[in-house]
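Let's get to know a protein together, one question at a time. Have a look at the sequence and structure first, then read on.

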Amino acid sequence: AVVSTQSTGNTSGSLGAWPKKSATIVLDLLKNAESNAEVKGLEVDSLVVEYIQVNRAPQMRRRTYRAHGRINPFMCSPCHIEMILTETESIVAKEDEDAPKKKSKKKEARARARLGAE
């Protein structure tokens, strides 16, 4: 879906797009991995994507016929998607909200300067 510049946050004037086709392919791959895990007897709820990589594949060449007897190349850009899922037993606990937040050195210096000026 091609969208205008306001919703993409792009100020250079070019159009933006959401990768719907790519997202559906990756979702289908995840569903396939889930069904493979069920067949192998793994716990589906504890699966985590450990590694994912996308590599370029050789381009497929076809031809498209144009006006006035011309022919242009019609190139396809396929890719190889490699995904490794692992079964994890432990769930990572969420960090406490009450923990003190780190401040940058600039903010600390400004706070000291405000206290010293008062």
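**Contacts and layout**

Among contacts in the protein between residues at least 6 apart in sequence, 44% join residues at least 24 apart. Keep in mind that this is a predicted model.

Q: Which pattern does the protein follow, read along the sequence?
A: Start with the parts: the protein has three helices and six strands. Now put these elements in order along the sequence, and the pattern is β-α-β-α-β-β-β-β-α.

Q: What percentage of the 118 residues are buried?
A: A residue counts as buried with under 20% relative accessible area. In this protein of 118 residues, the buried share is 6%.

Q: Is Asp45 buried or exposed?
A: Asp45 sits in the loop between helix H2 (20-40) and strand S3 (47-56). It belongs to a surface patch of negative charge, together with Glu34, Glu38, Glu43, Glu87 and Glu89. The cut-off for exposed is over 50% relative accessible area. Because its relative accessibility is 73%, Asp45 counts as exposed.

Q: Which helix holds Arg114?
A: On the surface, Arg114 gathers with Lys103, Lys106, Lys107 and Arg110 in a patch of positive charge. Its relative accessible area is 56%, so Arg114 is exposed. As for its place in the chain, residues 105-117 form the helix that holds Arg114, namely H3.

Q: Why is His68 exposed?
A: His68 is found in the loop between strand S4 (60-65) and strand S5 (71-76). Its phi is near 60°, a positive value in a residue other than glycine. Exposed means over 50% relative accessible area. His68 is therefore exposed, as its relative accessible area is 79%.

Key. Residues are numbered from 1 along each chain as its sequence is written. This is a predicted model: local features need pLDDT of at least 70, side-chain atom pairs count only at pLDDT 80 or more; totals for chains, interfaces and linings use all residues. Side-chain values use heavy atoms; hydrogens and water are left out. Patches are made of residues with over 30% relative accessible area and no salt bridge: like charges are joined within 9 Å, nonpolar side chains (Val, Leu, Ile, Met, Phe, Trp, Tyr) within 5 Å. Accessible areas come from the Shrake-Rupley method with a 1.4 Å probe; for residues, only the protein chains shown count as cover. A salt bridge is a side-chain nitrogen of Lys or Arg within 4 Å of a carboxyl oxygen of Asp or Glu. Lys and Arg count as positive and Asp and Glu as negative; His and the chain ends are not counted. The place of a charge is taken as NZ of Lys, CZ of Arg, CG of Asp or CD of Glu. Helices (H or I, at least four residues) and strands (E, at least two) are DSSP runs, numbered from the N terminus. Buried means under 20% relative accessible area, exposed over 50%, partly exposed in between (1.4 Å probe, protein chains only). Contact means heavy atoms within 4.5 Å.
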